[in-house]
Amino acid sequence: MQDFILSSAILKHIVRHYTREAGVRNLERQIASLMRKVAKAKASGKELPIEINKEKINKYLGVVIYNHTLAEEADQVGLVTGLAYTTVGGDILFIEVATMPGQGKITLTGQLGDVMKESAKAAYSYVRSHSKSWVLKIA
């Protein structure tokens, strides 16, 4: 007999809202946490099997840790997404652009590392080298 039921939809919910890593180590921890909670319920005499649903996920794992980002919702003009990575994980970056009349210089703001600065300058060079084939309307 199964002590708890974990549907693929709920598993996907756990992956999207309670883990954020390339591997499955944290996913394994979250599922183990669920199993411990179900084992405790079984030991206290609760009726089994327990079907894990979103309400029980919130009760057992707490509030959602990771929400969907703007990058996952819809494309936006003037906004691109980048990925930053470190030895302990990664995150999504939002890179905004604005066009305006001027000298044709690029301004980089924020705390950018050398690799990000180099990437931005490479993108700028690409845009300049292909700009004659595009029609840009600057207000």
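The accessible surface of the protein chain amounts to about 11,400 Å², and 55% of that area belongs to carbon and sulfur atoms; the areas come from the Shrake-Rupley method with a 1.4 Å probe, and for residues only the protein chains shown count as cover. The model is predicted, so to speak of a local feature a pLDDT of at least 70 is needed, side-chain atom pairs count only at pLDDT 80 or more, and totals for chains, interfaces and linings use all residues. Residues are numbered from 1 along each chain as its sequence is written, and side-chain values use heavy atoms, with hydrogens and water left out.

Of the 139 residues in the protein chain, 17% are buried, where buried means under 20% relative accessible area, exposed means over 50%, and partly exposed lies in between (1.4 Å probe, protein chains only). The chain has five helices and four strands, these being DSSP runs numbered from the N terminus (helices: H or I, at least four residues; strands: E, at least two). Along the sequence they follow the pattern β-α-α-β-α-α-β-β-α. With contact defined as heavy atoms within 4.5 Å, 49% of the contacts between residues at least 6 apart in sequence join residues at least 24 apart.

In helix 1 (residues 8–18), the buried residues are Ile10, His13, Ile14, His17 and Tyr18. These cover an arc of only 100° around the axis, which puts them on the same side of helix 1; the arc is that of the directions from the helix axis to the C-beta atoms. An α-helix has 3.6 residues a turn, so residues three or four places apart point the same way. Ser8, Ala9 and Lys12, on the other side of helix 1, are exposed. The cover over the buried residues of helix 1 includes helix 2 (25–43) and helix 3 (54–61).

Helix 3 can be described in similar terms. Here Ile57, Tyr60 and Leu61 are buried, and they cover an arc of only 75° around the axis, which puts them on the same side of helix 3. Glu55 and Lys59 are exposed on the other side of helix 3. Helix 1, helix 2 and strand 2 (50–51) are included in what covers the buried residues of helix 3.

Gln30 lies in helix 2 and counts as buried, because its relative accessibility is 12%. Its contacts, leaving aside neighbours within four places in sequence, are Ile14, Tyr18, Thr19, Leu61 and Ile65. Asn26 is also found in helix 2 and is buried, with a relative accessible area of 18%. Not counting residues up to four places away in sequence, Asn26 touches Tyr18, Thr19 and Glu21.

Strand 3 (79–86), strand 4 (89–96) and helix 5 (114–130) each supply at least two lining residues, and helix 5 gives the most, with eight. The lining divides into 22 nonpolar, 10 polar and three charged residues; Ala, Val, Leu, Ile, Met, Phe, Trp, Tyr, Cys and Pro count as nonpolar, Asp, Glu, Lys and Arg as charged, and the others, Gly among them, as polar.

Val97 deserves a separate word. Val97 lies in the loop between strand 4 and helix 5 and is exposed, with a relative accessible area of 59%. Its C-alpha atom is separated by 8.5 Å from that of Val80, 17 residues apart along the chain.
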